[in-house]
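Trainee: Could you take me through one part of this model up close? I would like to follow a single spot and then see what surrounds the rest.

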Amino acid sequence: MNQNWNFEGPRLRISDQLSAKAFRSRTDAPPRDSFAGDAVAEEEGSRTLVLSANPLHAWPHDEEGEGPMIPDDARHELSKMLGERLALGKSDLALHGRSETWHPEMPPDAVAYPETTEEVADIVRICARHRVPVIGWGTGTALEGHGSAPRGGVTVDFRRMDAVLEVTADDMLVRVQPGCTRSRLAEELRATGLMFPVDPGADASLGGMASTRASGTTAVRYGTMRDHVRALEVVLADGRVIRTGSRARKSSAGYDLTSLFVGAEGTLGLITELTLKLHGQPEAVASAVCGFETTEGAITAVIEAMQLGLTPARIEYVDVATVRILNAADGADLPEMPHLLLEFHGTDDAVAAEAARMGEVAAENGGGDYRWAIRAEERTALWSMRHRAYHTILASRPGATAIVTDVCVPVSRLGEAIARAEAEIADSVLDGPILGHVGDGNYHAILMVDRGSQTEIDEAKRLSDAMVAHALEFGGTATGEHGVGLGKLHLMEAEHGEAWDVMGALKRALDPEGLMNPGKVVRPE
Ligand SMILES: Cc1cc2nc3c(=O)[nH]c(=O)nc-3n(C[C@H](O)[C@H](O)[C@H](O)COP(=O)(O)OP(=O)(O)OC[C@H]3O[C@@H](n4cnc5c(N)ncnc54)[C@H](O)[C@@H]3O)c2cc1C
């Protein structure tokens, strides 16, 4: 067992390294019969899973280039209140209509930059009076067009509400404003001995992370945003300000409204303050890397490790295609095989014991060259490479954007789900390296497409919908952590059945005019 590795491999030009497939031109790829429709239907017992085309793609955003669609009165009231903190410039609007991925730009009509909860409430009240949509905005890293404005309206950008308000070390709690980013909070906590572990890779805002119920690499040990939001302050669609939850560790006092707003994607209200659970910083941290002969072996090793009671803080899977790209473009020197990347947190003895035991489990399942390290530089190199992976993969096809799948299945079905996805991608004209948080049963295929090629976008949607159909068949979900936004809306009926109508009823109860981030999460009216 090797206790060190070197990420300082030669930095070769990507064009020297990638496979022919990665560079094949696809814009002129011949259309396939299956491109014609988005629908995928599968029988699961008596239940039919029908994944239809996203109805919202047909939504008009009023006449383009006709100027703001919000009434003059509303604009004047907002301008009077916010002054220069109401942006109407084209570039600001465009920036707030963009998504990280393939979704078409749908800008709002104005962007507001509030500084207090009272200002947020006033913005919402003005918009409610004039029936103008209101969309929350953290850092805009959500992947499914979550923050876009298909019906125009006012985007409320929380970047000026980014304070860490209070750390209560004895209760292991922190109170933050929604625009505070994950890295900003980590910086503030560094000297306290405490940490906030939810890590979606992107430097997202905590309001955005709560709103998408985000997770990421550490969820296998620490849980997701669902497990970390203790209390919220929320501005409702009519401008009322409510507080949900409490600082207590547990409560049986009525409906769990905190959980309702976590993952609501801003469709039920705007979060203006969060109380979050913290953890102690581990005394020691070890990271490990291991290549496997097969994906199945890697996944079996994950399952056995959990059954043995090992508690890794991260278990990430990267497939061979991802490894090739990381080797070529990011100076990694990994053997061309599927890999697990792991991290262990605990005392010096505990992490050494867990890392060593994991090495044995890996070896029993076709894992070779298991390397682990405790030096901070090596660990940082490993995880920053993992966090850069999405952008490194995209850069392997210059100019490409991506449709990113996010299915999550019971871990027992994960090997099968990934094998099916890999086979479908191999048969496709598209490239789609796969990586994932396999300890949670969650994986992503980064389906790279040319933004200008409808043929490629349709093919990626077909692949993505097929993966979701498999996931639902296996008892999983269409989205483990990215959320619904616009891109996963057409999957909600298949996943939830009548429960989706109940979500619609909750939405109507809290936002009868349908003004809070319209077009997302629930069935469009
Ligand atoms: C490279 C990359 C890797 C990623 N990896 C992961 C990952 O591993 N795990 C993961 O979970 N996600 C991942 N994501 C997705 C993204 O980072 C998360 O969805 C994140 O939680 C979004 O936070 P944000 O601040 O950018 O929110 P935004 O994108 O600004 O907003 C997201 C949604 O929340 C709403 N919203 C924002 N702030 C508020 C508020 N204060 N009140 C009410 N609604 C609000 C918005 O209207 C929108 O619907 C990744 C993204 C990228 C680009």
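Mentor: Happy to! Let us start with a term: two residues are in contact if their C-beta atoms, placed from the backbone, lie within 7 Å. Keep in mind that this is a predicted model. Now look at Glu-336, which sits in the loop between helix 11 (320-330) and strand 16 (339-346). Leaving aside neighbours within four places in sequence, Glu-336 is in contact with Val-320, Val-323 and Arg-324. Is Glu-336 buried or exposed? Glu-336 counts as exposed because it has 11 C-beta neighbours inside 10 Å, and the cut-off for exposed is 12 or fewer. Find Gly-291 too: Glu-336 and Gly-291 are 45 residues apart in sequence, yet their C-alpha atoms are 8.1 Å apart in space.

For another view, turn to the largest nonpolar core, which has 137 residues. Val-154, Val-156, Leu-447 and Ala-471 touch the most other members. Helix 15 (residues 454-473) gives the most to this core, with 7 residues. Not counting residues up to four places away in sequence, Val-156 touches, among others, Ala-112, Ile-135, Gly-136 and Leu-270.

Gly-136 leads us on to the ligand, as one of the residues that come nearest to it, along with Gly-138, Gly-207, Gly-208 and Gly-266. The shell around the ligand divides into 14 nonpolar, 18 polar and 3 charged residues. Strand 5 (134-137), helix 7 (206-212) and strand 12 (269-277) each supply at least two residues of this shell, and helix 7 gives the most, with 5 residues.

Terms used:
Residues are numbered from 1 along each chain as its sequence is written. This is a predicted model: local features need pLDDT of at least 70, side-chain atom pairs count only at pLDDT 80 or more; totals for chains, interfaces and linings use all residues. A nonpolar core is a set of buried Ala, Val, Leu, Ile, Met, Phe, Trp, Tyr and Cys residues joined through C-beta atoms within 7 Å. A residue is buried if 20 or more other C-beta atoms lie within 10 Å of its own, exposed if 12 or fewer, and partly exposed in between; C-beta atoms are placed from the backbone. Helices (H or I, at least four residues) and strands (E, at least two) are DSSP runs, numbered from the N terminus. A residue is near a molecule or strand if its C-beta atom, placed from the backbone, lies within 6 Å of it. Ala, Val, Leu, Ile, Met, Phe, Trp, Tyr, Cys and Pro count as nonpolar, Asp, Glu, Lys and Arg as charged, and the others, Gly among them, as polar.
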